[in-house]
Amino acid sequence: MTLTRKICGLAGALVAGLAIAHPAFAADMVKAPDAAAMAGMVNKGDVAWMLVCSALVLMMSIPGLALFYGGLVRSKNMLSVCMQVFMIVSVAGLMWCSWGYSIAFTSGGDNHFFGGLSKAFLKGVDGTTMGATFSNNLYLPELVFVVFQMTFAMITPALIVGAFAERIKFSSLMVFVVLWSTFIYYPMAHMVWYWAGPDFLADAPTDAGLLWSWGALDFAGGTVVHINAGIAGLVGAIMIGKRIGYPKEPMPPHSLVMTMIGASLLWVGWFGFNAGSNLEANGVTGVAFINTMVATCAAAVSWALIEQFHHGKASMLGAASGAVAGLVAITPAAGYAAPMTSIVLGFVVSPICYLFVAKVKGMLGYDDSLDVFGVHCIGGIVGAIATGIVAAPSLGGQGVFDYTVFPAAFHPEAYDIGAQVFIQVKAVLFTLVWSGVGSAILFFIIDKTMGLRVPADDEQQGLDLTSHGERAYNS
Amino acid sequence: MKLVMAIIKPFKLDDVREALTSLGIAGMTVSEVKGFGRQKGQTEIYRGAEYSTNMVPKIKVEIVCDDGLAPRVVESIQQAANSGAIGDGKIFVLDVGQAVRIRTGETGETAL
């Protein structure tokens with residue numbers, strides 16, 4: 001059962017349950033428990049909560065993201081976007097069991113970029129094996145962790161499709177998703193989220209992913225999910241080229257009602273994403289939950305206010321965009337911030353994203369159809385850097401635990417905002433380069449072999465009919 | 001026989017229909033149309049991208065009546081559809097060569 005020992009926790013973060021902070025319990029702690037001991041360290045409440053969260057995160061992709069994006073395209077491309085998201089989710093699930101989980105969440109030994117293939121096809125993973133949480137001597141059944149993380153591997157590549165919607169060739173997209181997940185996403189998840197676990201790190205202090213070792217904080221996926229997907233989208237949008245007619249022809253969204261429904265489903269599902277990323281059902285989970293709620297409220301309000309001042313009218317699309325920007329920004333900070341600092345973060349992120357989607361995109365002339373870069377990448381960068389600030393205990397933040405000792409220690413006075421922000425910036429830059437360069441190479445190879453784009457005729461007729469042989473609305 | 005074709009504001013349709021039924025008009029054809037005249041279209045803004053739509057939605061009402069009724073039809077549409085604002089629409093009157101009731105084969109004014 002040695003396979004079960006080193007499961008990463010999510011969130012590179014050092015958030016632990018109350019038990020470890022309480023010296024009275026410390027004496028009873030078992031360092032490096034064996035499989036039999038781990039089996040007695042499972043909490044049914046955690047298991048139930050994490051299964052619900054996994055389903056919530058699936059709901060973010062389908063139908064949430066599919067409708068959010070689908071409403072924004074022209075009606076002739078509605079099904080193509082829905083189908084792209086639906087198929088990416090399905091293919092990503094198969095890949096995750098086959099090799100994704102193993103690459104992301106097994107030890108790479110001295111290599112801190114990606115794990116091995118020892119758990120490929122879920123070898124040795126069954127209902128009795130356990131995964132670590134953020135608390136000493138508290139475990140989660142490994143398959144629950146596998147399926148929770150699977151939903152992240154599903155939504156991340158699906159986020160990218162918005163950047164080159166309405167012109168991408170379906171088969172090429174699917175090949176891209178397989179390669180991108182394998183060479184960009186799984187290593188990225190490994191670098192940020194893999195670590196030996198709270199009961200094992202003290203004996204193996206270097207057994208963690210690269211960014212985790214730097215001390216980068218990413219509670220639920222600011223770097224791994226949003227910056228990663230956002231920069232891949234921008235690179236794709238530039239390499240595939242603009243839609244025919246952009247920006248001269250009007251390309252208004254075909255149904256902002258769908259976009260509003262999609263954004264709302266994303267908001268609800270995001271509680272599974274952010275609060276679930278604590279891997280337990282405890283006080284920090286509650287912190288992540290309320291932070292997710294209020295940061296999103298603030299960002300929706302601040303986007304609406306900007307539009308009110310700038311155009312004289314606050315739009316539904318603006319409110320939905322602001323909500324998503326807020327959700328993105330709070331993602332890396334969810335379990336570290338306090339509610340009031342989350343609100344500040346929400347207020348700040350919308351104007352920055354607004355600047356990118358409404359001004360910078362037009363000035364630079366790239367056609368990021370649905371603003372994947374402007375909302376997810378920029379929002380992710382703002383959130384990732386701000387995490388270094390809002391996590392500070394002096395600002396009411398949750399601080400970080402020291403897992404290099406057993407049991408984990410907590411020294412709120414040792415938190416250094418400047419040093420942490422520096423690490424966060426380093427993590428952001430690393431992600432931009434890793435995913436930006438990697439995606440460019442993949443897009444280049446596919447463009448030269450299969451072609452990335454549909455023929456001009458097909459694009460004008462719409463991808464629903466020409467790629468999928470069906471129409472979204474028959475009346 | 002005359003064909004009276006009126007392009008009006010959508011929300012005036014009910015007023016026009018009531019005015020015409022009170023004149024004894026027994027039927028009309030209504031279609032949703034788009035177009036432009038002196039009235040400027042709306043500006044739509046999606047995440048900062050501005051589209052000025054210069055086509056404005058309107059309703060087209062078509063009535064065929066006998067020559068004697070035509071001036072009163074025109075007058076009642078003009079009154080009923082008038083809101084005093086730009087974009088109230090236009091009325092056109094055309095000569096009609098023939099009318100046939102498909103069910104019976106009746107022709108001319110009896111077919112109306």
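View 1. Helix 1 (residues 13-22) of chain B lies across strand 1, strand 2 and strand 5 of chain B, and runs at about 10 degrees to strand 5 of chain B. Helices (H or I, at least four residues) and strands (E, at least two) are DSSP runs numbered from the N terminus, while axes are lines fitted to C-alpha atoms, for helices over the stretch in contact, with angles from 0 to 180 degrees between N-to-C directions. The model is predicted, so that local features need pLDDT of at least 70 and side-chain atom pairs count only at pLDDT 80 or more, whereas totals for chains, interfaces and linings use all residues. Residues are numbered from 1 along each chain as its sequence is written, and chains are lettered from A and ligands numbered from 1 in the order in which they are written.

**View 2. Four strands of chain B form an open sheet.** The strands stand in the order 2-5-1-6, and their pairing is antiparallel. Strand 2 and strand 6 (89-95) of chain B are at the edges, each with a single partner strand, so one side of each has no neighbour in the sheet. On average, neighbouring strands of this sheet are turned by 20 degrees against each other, direction ignored.

**View 3. Strand 5 of chain B pairs with strand 1 and with strand 2.** Two strands pair if DSSP finds at least two bridges between them. Strand 1 (residues 2-8) and strand 5 (residues 56-65) of chain B are joined in the antiparallel sense over seven bridges, and B:Ile7 stands opposite B:Lys60 in strand 5. Strand 2 (residues 29-35) of chain B also runs antiparallel to strand 5, with seven bridges between them; B:Val33 has B:Lys58 as its bridge partner, and B:Ser31 has B:Lys60.

**View 4. Helix 4 and helix 6 of chain A pack together.** Helix 4 (residues 44-72) and helix 6 (residues 142-160) of chain A meet at an angle of about 15 degrees, with their axes 9 Å apart. Helix 4 of chain A is therefore roughly parallel to helix 6 of chain A, a term for angles under 35 degrees. Among the residues that meet are A:Val47, A:Met50 and A:Leu51 in helix 4 and A:Val144, A:Val147 and A:Phe148 in helix 6 of chain A, where contact requires C-beta atoms, placed from the backbone, to lie within 7 Å.

**View 5. Confidence along chain A.** Over residues 1-24 of chain A, however, the pLDDT is below 50.

Definitions and conventions
pLDDT is the predictor's confidence in each residue, from 0 to 100. Two residues are in contact if their C-beta atoms, placed from the backbone, lie within 7 Å. Angles under 35 degrees count as roughly parallel, over 145 as roughly antiparallel, 65 to 115 as roughly perpendicular and the rest as oblique.
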